[in-house]
Amino acid sequence: MELLTDSFLSAILLIFSLDPEVLSIVCVSLKVSGISTLFASLMGLPLGFLIAYASFKGKRILIICLNTMLSLPTVVIGLFVYSFISRRSILGSLDLLYTQKAIVIGQIILVLPIVATLTIAAISRIDERYRKTAMTLGANRRQTACVIFREARFGIVAAVIAAFGRVIAEVGISMMLGGNARGFTRTMTTAMALEYDKGEFILAVALGIILLVLSFSINLIFHFFQGRTGT
Amino acid sequence: MKKRNLILKVIPPLIAILLIYGVAPGEDKIIKMATTTSTQASGLLDVLLPELEKDTGIRVKVFAKGTGAAIQDGIDGNVDVIFVHAKEREEKFIKEGYGTKRYAVMYNDFVILGPSDDPAGIRGQSNAAAALAGIAKAEALFISRGDDSGTQTKEQALWQTTGVPLEVRKTEILKKGKKAEICFAFPENSMAWYISIGQGMGKTIMYADEKHAYTLSDRGTYIKYKYGRKESIDLEIMCEGDSFLNNPYGVIPVNSARHPHVKHELAEKFASWLISPKAQFLITNYRLMGNQLFYPWNF
């Protein structure tokens, strides 16, 4: 119990003292996760939309493959990306390893399937009649797509939330590709792993509490976008 | 229904057998040891522990961490014995009553590594402090363990002797209701070239190799990464031989007066075995690609 109360009080102390170290860690975390989620959404939402509406051979197989990719371990993604950007491999000259860009690349691979599959699920649930009505009312393809997106927004925002939650909580990719460099690629999760390794459990748990508080506030914002449907 | 009965009859004894065999064998002869990444990564333990089992029947479960975390494990009573390399902190550990006695087992030394093109021009420098000062002056990339390990402790002590102005970063947390500080010193205005990554020795060497940077390493891990792997690294030794770079290893059984559940007797036996002529001989003869990694203390 002492560990928890100490950690909780330390978390409050850290937040209110605006500790520069902690601030930098939080900023790196938010920046990297935000960019990853943004890119993954920009790619994953249209992809999910296309897969949900297009009919082509092998669609089921593609969906099964996407679902399988949901269980890709972060270590595998880390190794995969590492083998491309390490100094001795093909993209080595770009000097990407141990940068925030490297983390973003790995995290996009991690959450793209999440965004895509959840979008497929959200859109498939929309009644076919919406599309037909929109089209009979004279909407062109783009306008029809907008109508469907609007109707499915609860599920689509949920997909983005799930993606953001996954990247901000992820530690494997950030550690392997970011390298946990203080002030550059140290994120909240890698900082926690480090404090645990050092035996500073209180600081580790305090950082965990800060992460949860942040996630809560961000989800509040998302909730606003999600609208009142389904609540 | 019959089938079900059969299952009911067979499964409980099976579980019982599994439990007995899973837990029982030699449970009383197993001790837990927290040690540093360098002893584990060097491969020395893979030679010592099987011999230990042959001689004494003791089996050791190894948890490799940074020295700070290993000592913390000892303080918390999570392990029966610690095997680390940060002499001052080991002595403090005993003084505070967490350990019973420090057995000096062996030593090796630290080396300052750097990329072969040596941008700071410190190759062959025999004074470690001067070498570090050279890196700081050239503002050449330097990778620090930053994980509260023995190597990190040594690095911090080295920076103190260079005369390079240091910046101390403190983080306040609460420990047992009281305010406590976690300190961390590093060269002033070094954001661009001093990178603290908070990872083990092997990872740090890989990182420095990737980034063409300098770093401080124990010789054992360096040799392992330079010669012990299919894919070698470019880093070379830039500075060695300074007496300040000595790196003694000690083993300390955890005090059973503090933590009654620890297997103090077995831990004591393990520690005395490590300084026995046989173990010391094994340590002396341990070679990695023809290089001696550790020197015995008691030989």
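Two residues are taken to be in contact if their C-beta atoms, placed from the backbone, lie within 7 Å, and the legends below describe a predicted model.

**View 1. Surroundings of Ile82(B) in the predicted model.** Leaving aside residues up to four places away in sequence, Ile82(B) touches Met33(B), Ala34(B) and Thr35(B), and it also touches Ala70(B), Ile71(B), Asp73(B), Gly74(B) and Ile252(B).

View 2. Helix 4 of chain B, which runs over residues 67–75, is mostly covered, with eight of its nine residues buried. After the helix comes Gly77(B), whose phi is positive, near 70°.

**View 3. The largest nonpolar core.** This core holds 133 residues, among which Val115(A), Val81(B) and Ile82(B) touch the most other members. Helix 5 of chain A, residues 100–124, supplies the largest share of the core, namely 16 residues. In chain B, domain 1 (28–107 + 248–296) and domain 2 (108–247) both give residues to this core, so it lies between them.

**View 4. The side of chain A that touches chain B.** The contact takes 25 residues from chain A and 25 residues from chain B. On the side of chain A, the elements that give two or more residues are helix 1 (2–16), helix 10 and helix 11 (201–226). Helix 1 of chain A gives the most, with five residues. Sorted by class, this side of chain A has nine nonpolar, seven polar and nine charged residues.

**View 5. The fold of chain A.** The secondary structure of chain A comes to 11 helices and zero strands, and the C-alpha trace of the chain spans about 65 × 45 × 25 Å along its principal axes. Buried residues make up 41% of the 231 residues in chain A. Where contacts in chain A join residues at least 6 apart in sequence, 75% of them link residues at least 24 apart.

Note on methods. Residues are numbered from 1 along each chain as its sequence is written. Chains are lettered from A and ligands numbered from 1 in the order in which they are written. This is a predicted model: local features need pLDDT of at least 70, side-chain atom pairs count only at pLDDT 80 or more; totals for chains, interfaces and linings use all residues. A residue is buried if 20 or more other C-beta atoms lie within 10 Å of its own, exposed if 12 or fewer, and partly exposed in between; C-beta atoms are placed from the backbone. Helices (H or I, at least four residues) and strands (E, at least two) are DSSP runs, numbered from the N terminus. Ala, Val, Leu, Ile, Met, Phe, Trp, Tyr, Cys and Pro count as nonpolar, Asp, Glu, Lys and Arg as charged, and the others, Gly among them, as polar. A nonpolar core is a set of buried Ala, Val, Leu, Ile, Met, Phe, Trp, Tyr and Cys residues joined through C-beta atoms within 7 Å. Domain bounds come from an automatic or database domain assignment.
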